[in-house]
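Okay, thanks for coming, everyone.

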Amino acid sequence: MHRYRSHTCAALRKSDVGSTVRISGWVHRVRDHGGVLFIDLRDHYGITQVVADPDSPAFKLAETVRGEWVIRIDGLVKARTDDTVNKNMPTGEIELYAQEIEVLSAAKELPLPVFGEPDYPEDVRLKYRFLDLRRETLHRNIVKRTQVISSMRRHMGDVGFTEYTTPILTASSPEGARDFLVPSRIHPGTFYALPQAPQQYKQLLMVAGFDRYFQIAPCFRDEDPRADRLPGEFYQLDLEMSFV
């Protein structure tokens with residue numbers, strides 16, 4: 001069996017009942033129901049409910065587990081009873097009966113809770129960004145962003161565009177905002193500019209005969225923030241066509 005997992009925390013289904021499996025992830029929360037411990041184990045893909053009762057060989061260690069600890073669990077997949085099925089979870093028809101637990105990384109008391117997503121000041125969220133990014137809403141938004149960009153790339157390819165990447169360190173160009181400047185180590189006293197947009201490069205590609213260009217382009221502009229973009233940098237779908 002793999003050192004850390006045979007399945008992800010979103011993979012187990014009713015068809016896996018009776019199998020011995022291994023999963024690893026972050027402890028989302030721990031619940032004690034009359035001496036029976038329920039651990040919601042989370043990874044990038046989802047959550048699996050883990051159960052440990054006093055008869056489990058992993059029970060003593062399960063009692064010490066706290067939120068956001070990283071653990072590995074070996075256990076037996078069991079079907080939930082009809083009244084405990086959670087239809088809101090892909091793994092809601094099963095639970096994992098813990099037979100062995102290994103603590104991979106214990107966590108101290110958290111400055112920013114992950115479970116429940118309580119509202120916290122922005123400076124705290126930015127200071128502990130690695131915790132903030134574990135929260136469900138942000139995690140889902142970042143995955144959605146990747147899916148949107150993948151969809152854009154597929155669509156642009158379907159209509160005949162080719163993706164080309166253009167330089168980031170470039171010369172200053174007359175755009176609508178101030179440039180961000182990067183000093184040159186090799187040529188003291190001179191500076192590169194970060195591109196506000198790849199305008200000149202995409203026009204060069206058209207003159208060179210590449211016909212249809214696109215890029216998910218990083219743009220750097222020293223300007224005040226707007227409602228639809230971050231201050232300083234953003235990404236845009238940049239494109240150019242010839243003979244249109």
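So, Arg3, Arg22, Arg72, Asp74, Glu100 and Glu102 are tied together in a network of salt bridges. By salt bridge I mean a side-chain nitrogen of Lys or Arg within 4 Å of a carboxyl oxygen of Asp or Glu. With that cut-off, the structure holds 18 of them.

Quick housekeeping: this is a predicted model, where local features need pLDDT of at least 70 and side-chain atom pairs count only at pLDDT 80 or more, while totals for chains, interfaces and linings use all residues. Residues are numbered from 1 along each chain as its sequence is written, and side-chain values use heavy atoms, with hydrogens and water left out.

Okay, some individual pairs. Arg31 bridges to Asp40, with the closest N and O atoms 3.0 Å apart. Both Arg31 and Asp40 are buried, and buried here is under 20% relative accessible area, exposed is over 50%, and partly exposed is in between (1.4 Å probe, protein chains only).

Next, Arg129 and Asp132: another salt bridge, closest N and O atoms at 2.6 Å. These two are about one helical turn apart, because they sit three residues from each other in helix α3, residues 129-132. Helices, by the way, are DSSP runs (H or I, at least four residues), strands are E runs of at least two, and both are numbered from the N terminus. Arg129 has 33% relative accessibility, so it counts as partly exposed, while Asp132, at 0%, counts as buried.

Then there's Asp238 with Lys202, a salt bridge at 3.2 Å, N to O. That pair links distant parts of the chain, 36 residues apart: Asp238 is in strand β10 (residues 232-241) and Lys202 is in helix α5 (residues 199-207). Asp238 and Lys202 are both buried.

Last stop, Glu68. Where does Glu68 lie? In the loop between α1 (59-62) and β4 (70-79). Glu68 counts as buried because its relative accessible area is 5%.

And what does the side chain of Glu68 make a polar contact with? The side chain of Arg42, at 2.9 Å. Arg134 is joined to Glu68 as well, side chain to side chain, at 2.8 Å. A polar contact is a pair of N or O atoms within 3.5 Å; within protein, one must be able to donate a hydrogen and the other to accept it, and residues adjacent in sequence count only if both atoms are side-chain atoms.

Setting aside neighbours within four places in sequence, Glu68 is also in contact (heavy atoms within 4.5 Å) with residues including Trp26, His28 and Leu110.
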